[in-house]
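Q: Could we go through this structure together? I would like to start with charged side chains and then move to other topics.

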Amino acid sequence: MAMDGEREEADPSNHSNPHQDFDDLPQEIVDLIESVAEFADYRKTYRKECYSLVRRMQLLLPFIDEIRDRCETPLPEKVIDCLNRLKKALCLAKKQLKLCNEGSKIYLAVESEAVMTRFSATNDKLCRALQDVPFDELCISDEVKGQVELMCLQLRRAKRRTDTQDIELAVNMMVVISKTDERNSDHAIIERLAKKLELDTIDDLKNETVAVKNILKEKGNQNLESTSQIIDLLNKFRQILGMEVIDVLENPVLSKLPDKSPTEVIPHEFLCPITLEIMTDPVIIASGQTFERESIQKWFDANHRTCPKTREALAHLSLAPNYALKNLILQWCEKSGFQLPKKECCACPESSSSDHMEELASLVKDLSSRQLGVQREAVKKVRLLSKESPENRILIAKSGGISPLVALLSYPDSKIQEHAVTALLNLSIDESNKSLIAKEGAIPHIIEVLQKGTTEARENSAAALFSLAMVDENKVSVGLYNGIPPLVELLENGTIRGKKDAITALFNLTLNHSNKARAIDAGIVKPLLKVLEARQLGMVDEALSIFLLLASHPEGRSAIGQLSFIHTLVQFIREGTPKNRECATSVLLELGSNNSSFILAALQFGVYHDLIEITNTGTNRAQRKANALLQLMSKTEQI
């Protein structure tokens, strides 16, 4: 989705008269700088950039004050033009700060490269405006002049700042917004994303829904893929908190409230905090908050043990009818002529839920049957049920299904093994089940299936290890139980799907420092190089990302830092996709920062001019890496 970086925010200075009243211009600049104080906070992922930009803007106040206090009017056109350019740059800065203050957090995450490019453009405009200041024609003190020059230096450095990309956030985003990765609905990954983006409360998501609607309305259909990703991610966050899925493009209203009298507004206290619908069966939970029974029950069924409004841990999950509030709602409806929505009739939900629990308990019991046919049918049904819904994944675990599924991983029947490991993969989507599965000793058995199982069983074993390794201690366990070598073997010899499952699992596992050495010992470099050669597989970026992690380890640098690999990196820097070039540049920088011989080898392959091109045309991150590499090369040549 394209940013507004090319369009200046509408502002009188865009069409200003160079001979405008000088007395107004400094005051307008001061007002602009002071107005950013209204932005009390910024989105978490951009706070550092925003606070730095605000601080630099405020450094300009003494400069403007001296112009206003010391200089005689009228000023030369050159000075007026300079101040107008500065004002335009400050308008752009304010617009960027406003976006990061009240814009959609999901949009800012999905469009992170475009947002960072906007910061770079803002810094560049401010820097150029200040560099053009004709100090010799102004009565500016040496102290303030030095302060402005220092600010210019800071702005230039800001454009070349070291990368602070959150790798875990990046890989989680990659999985969740994927249309093909079966783990794109993994509850734990989605919840981590929600926490990182500070979208883990109902109030946060109410505000975010409005922000998404506004940004999509403003941007229109500039990038349909990005729009789809934003809407999909918003609804995944809403589902985690028990909120309904909505289409913000077609139905921008936060709630689907029933039709109401044109002269009446439903009192806020009559609305369920989760669905924002008027309550027909209000109940009180342990925190003292009131919710619609159906919506809070869904929240509890999704294995939450906190109040969705206050986020406090609950002492119990009992529901107490709020008769007083229900009577008030009924009285208000009668007085206002408001018709309460009719709930869909369902025969004895408690009985239905009880029947379902009994069915699952019976299936779990059959998992331990001595009859092969009964076992095979039971594990097949558990696999299908665990795929159907989050509720089933919780109920199967509560019914004691994890332990017999783990036992079946060692069963000699290959089809039973396949169903069992796939069922565990499905169950692991629920965050609380990840630890339960590991505690039941599943990891070494899953690794055994990964080594010896059917093709589908091996692929799903790799996917299960990826899912379980979202928990840090499980990353360590997979490494200790020697799970990395069979993943490397699958990456080298598996099907396309198997290779993709293996490479995502290996990326996640090599985030752990000890696992980097294990991956190198397992021979990961050779199959990764094959992935780079087979560009049609579409896994180049993932392979380069693993190389970047390996390059931070001494053994990794030794294993991958060969002339042929440096040549491969230079080829991707020269002719790869924008993301390929960014990743390859990052790997070369990591290698070269620790050993100047890699820099000299890259120079021999003609990388210098390619890096110059990237500083002008690459992604924002690639530009920063390329600039850092060029500086490193300059130092290397001087040695």
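Q: Is Arg535 buried, partly exposed or exposed?
A: In this predicted model, in which local features need pLDDT of at least 70, side-chain atom pairs count only at pLDDT 80 or more, and totals for chains, interfaces and linings use all residues, Arg535 counts as partly exposed because its relative accessibility is 36%. Buried means under 20% relative accessible area, exposed over 50%, and partly exposed in between, with a 1.4 Å probe and protein chains only. Residues are numbered from 1 along each chain as its sequence is written, and side-chain values use heavy atoms, with hydrogens and water left out.

Q: Which side chain does Arg535 meet in a salt bridge?
A: Its partner is Glu575, at 3.7 Å from N to O. A salt bridge here is a side-chain nitrogen of Lys or Arg within 4 Å of a carboxyl oxygen of Asp or Glu.

Q: Where are Glu489 and Arg458?
A: Glu489 is in helix H23 and Arg458 in helix H21, so this pair too links distant parts of the chain, at 31 residues apart. Arg458 counts as buried, at 17% relative accessibility, whereas Glu489 is partly exposed, with a relative accessible area of 33%.

Q: And what does Lys475 pair with?
A: Lys475 forms a salt bridge with Asp472, with 3.1 Å between the closest N and O atoms. The two are separated by about one helical turn because they are three residues apart in helix H22. Lys475 counts as buried, at 5% relative accessibility.

Q: Which residues are linked in a network of salt bridges?
A: Arg383, Lys415, Glu418 and Glu456 are linked in this way.

Q: Back to H23: which of its residues are buried?
A: They are Ile484, Pro486, Leu487, Val488, Leu490 and Leu491. Their cover includes helix H20 (442–452), helix H21 (455–468), H22, helix H24 (496–509), helix H25 (513–521) and helix H26 (525–533).

Q: What else is Lys105 in contact with?
A: Leaving aside neighbours within four places in sequence, Lys105 is in contact with Arg43, Leu197, Glu198, Leu199 and Glu208. Contact means heavy atoms within 4.5 Å.

Q: New topic: how many residues has the largest nonpolar core?
A: It has 185 residues, and those with the most contacts inside it are Phe63, Leu86 and Phe237. Helix H4 (residues 77–102) gives the most to this core, with twelve residues. A nonpolar core is a set of buried Ala, Val, Leu, Ile, Met, Phe, Trp, Tyr and Cys residues joined through side-chain atoms within 4.5 Å.

Q: What does Phe63 touch?
A: Not counting residues up to four places away in sequence, Phe63 touches Leu86, Val133, Phe135, Ile140, Val144 and Val148.

Q: Finally, in what order do the strands of the sheet run?
A: The three strands form an open sheet in the order S2-S1-S3, with antiparallel pairing. Two strands pair if DSSP finds at least two bridges between them.

Key: Helix = DSSP H or I, 4+ residues; strand = E, 2+ residues; numbered from the N terminus.
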